[in-house]
Amino acid sequence: MIRINRRRFVANVVISGGGLMLGSHLMGSTRKEETVYGTENRKRDLMQEVLKYRKIDTHGHVDESNYKVEVNLDFADRLGIEKIMISDFIRPHTEGTPDDFRTRNDFVIKCIKEHPDRFIGTVALNPKYRKESLEEIDRCRDAGMIGLGELYNQVNINDPLYYPIIEKCIDLNWNIMMHSAIGYSRVILNPREPKNISLPEDFAAVAGRYPEAMFQFAHIGGGIDWEYACKVLKDIPNVFVELSGSNNEANMIDFAMQYIGEDRLVFGCDYSFYQGVGHMLSAKLTDAQRKKIFFENISNRLKKGGKDVN
């Protein structure tokens with residue numbers, strides 16, 4: 001029978017649930033409640049640690065109902081997130097017509113114009129409409145947007161329909177962030193997932209076809225078999241693996257570090273702000289590694305496309 005040191009167990013549980021501690025802080029906790037005892041019986045101010053890191057949330061959403069602008073900014077202010085990369089993604093199981101994605105991108109353009117220091121706009125499109133999608137990239141770029149995402153499941157990322165879109169992004173040095181399977185897909189893919197869902201092997205295949213392209217595999221904490229995803233993407237250098245999601249198991253980041261490494265992991269929340277920040281604190285990372293994942297990796301990639309966040 002394994003013996004567990006009670007003090008260490010309690011401390012680790014509290015820190016790995018950093019979101020809960022941060023939540024109590026934001027709801028008006030006392031100074032005493034803001035601290036926990038670490039394994040060496042010393043007080044640890046979680047909020048002080050949270051706020052010492054610069055952060056870019058690489059997976060954010062805005063709209064007028066479910067992903068409100070003011071909610072994004074409120075969480076970002078509290079958690080020290082300098083910028084959020086936002087999209088109004090095409091909803092699953094919809095056609096994703098040009099009128100639909102233009103309207104969604106228009107809202108994102110409005111947001112980045114109103115909050116230019118906080119939001120980085122990324123483009124939603126549907127490669128079934130090749131001409132309109134290529135034109136939309138130009139229109140949105142002229143409006144100050146950079147990169148694609150979150151691309152949804154209307155078309156698989158390795159479908160030839162995406163090839164001209166990817167080639168244009170290579171010319172622009174744009175990041176391409178693509179949705180993958182979520183919820184109940186930990187062992188066997190959920191049958192509710194659409195037939196066009198992009199799986200890790202699809203990312204590996206298209207990244208091999210286009211080694212100059214810059215891909216971002218979305219939300220390994222979203223419900224997919226993240227161990228399998230990390231193993232498939234281990235030797236695919238042009239795919240960033242993003243850590244957002246609300247299904248974060250305790251050792252997910254530590255496992256991803258073993259297979260993907262500190263230079264290809266990026267921080268994201270996908271509207272799960274406490275989880276996104278909390279599991280970064282509980283992971284076995286050095287300060288230098290946290291700085292890379294929270295900020296530096298995506299900052300360097302954005303700079304290639306002409307967006308210097310420094």
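Q: Among contacts in the protein chain between residues at least 6 apart in sequence, what share joins residues at least 24 apart?
A: The share is 76%. A contact here means heavy atoms within 4.5 Å.

Q: What kind of model is this, and what limits apply?
A: The model is predicted: local features need pLDDT of at least 70 and side-chain atom pairs pLDDT 80 or more, while totals for chains, interfaces and linings use all residues. Numbering runs from 1 along each chain as its sequence is written, and side-chain values use heavy atoms, with hydrogens and water left out.

Q: How many helices and strands does the protein chain have, and what makes a run count as one?
A: There are 12 helices and 10 strands. Each is a DSSP run, numbered from the N terminus: helices are H or I with at least four residues, strands are E with at least two.

Q: Why is L151 called buried?
A: Its relative accessibility is 0%. Buried means under 20% relative accessible area, exposed over 50%, and partly exposed in between, with a 1.4 Å probe and protein chains only. L151 therefore counts as buried. The residue lies in strand 6, residues 148-151.

Q: What does L151 touch beyond four places away in sequence?
A: L151 touches V123, L125, Y162, I176, M177, M178 and H179. L125 is 26 residues away along the chain, yet the two C-alpha atoms are separated by 7.0 Å.

Q: Which peptide bond is cis, and what is its omega?
A: The cis bond joins G149 and E150, with omega about -10 degrees. E150 is in strand 6.

Q: Why does E136 count as buried?
A: Its relative accessibility is 2%, so E136 falls in the buried class. E136 sits in helix 6, residues 130-142. Beyond its neighbours within four places in sequence, its contacts are F101, R102, N105, V123 and A124.

Q: Why are helix 5 and helix 6 called roughly parallel?
A: Helix 5 (residues 98-114) packs against helix 6 at an angle of about 10 degrees, with the axes 11 Å apart. Axes are lines fitted to C-alpha atoms, for helices over the stretch in contact; angles run from 0 to 180 degrees between N-to-C directions. Under 35 degrees counts as roughly parallel, over 145 as roughly antiparallel, 65 to 115 as roughly perpendicular, and the rest as oblique. So helix 5 is roughly parallel to helix 6. Helix 5 contributes P98, F101, R102, N105, D106 and I109 to the contact, and helix 6 contributes E132, S133, E136, R139 and C140.

Q: What makes helix 4 and helix 11 roughly parallel?
A: The axes of helix 4 (residues 69-79) and helix 11 (residues 273-282) come within 10 Å and cross at roughly 25 degrees. That makes helix 4 roughly parallel to helix 11. On one side, N72, F75, R78 and L79 of helix 4 make the contact; on the other, F273, Y274 and V277 of helix 11.

Q: Is the crossing of helix 4 and helix 11 left-handed or right-handed?
A: Helix 4 passes helix 11 in a right-handed crossing. The near helix is turned clockwise from the far one by less than a right angle in a right-handed crossing, and anticlockwise in a left-handed one.

Q: Which residues have the most contacts inside the largest nonpolar core?
A: They are F119, L148, Y162, I166, F215, I220 and L233, in a core of 84 residues. Helix 7 gives the largest share, 6 residues. Such a core is a set of buried Ala, Val, Leu, Ile, Met, Phe, Trp, Tyr and Cys residues joined through side-chain atoms within 4.5 Å.

Q: Which residues of helix 8 are buried, and what covers them?
A: In helix 8 (residues 200-209), P200, D202, F203, A204, V206 and A207 are buried. Their cover includes helix 7, strand 7, strand 8, helix 9 and strand 9.

Q: Why is H93 called exposed?
A: Its relative accessible area is 62%, so H93 is exposed. H93 lies in the loop between strand 4 and helix 5. Although not a glycine, H93 has a positive phi of about 60 degrees.

Q: Why is D270 called partly exposed?
A: With a relative accessible area of 21%, D270 is therefore partly exposed. D270 is in the loop between strand 10 and helix 11.
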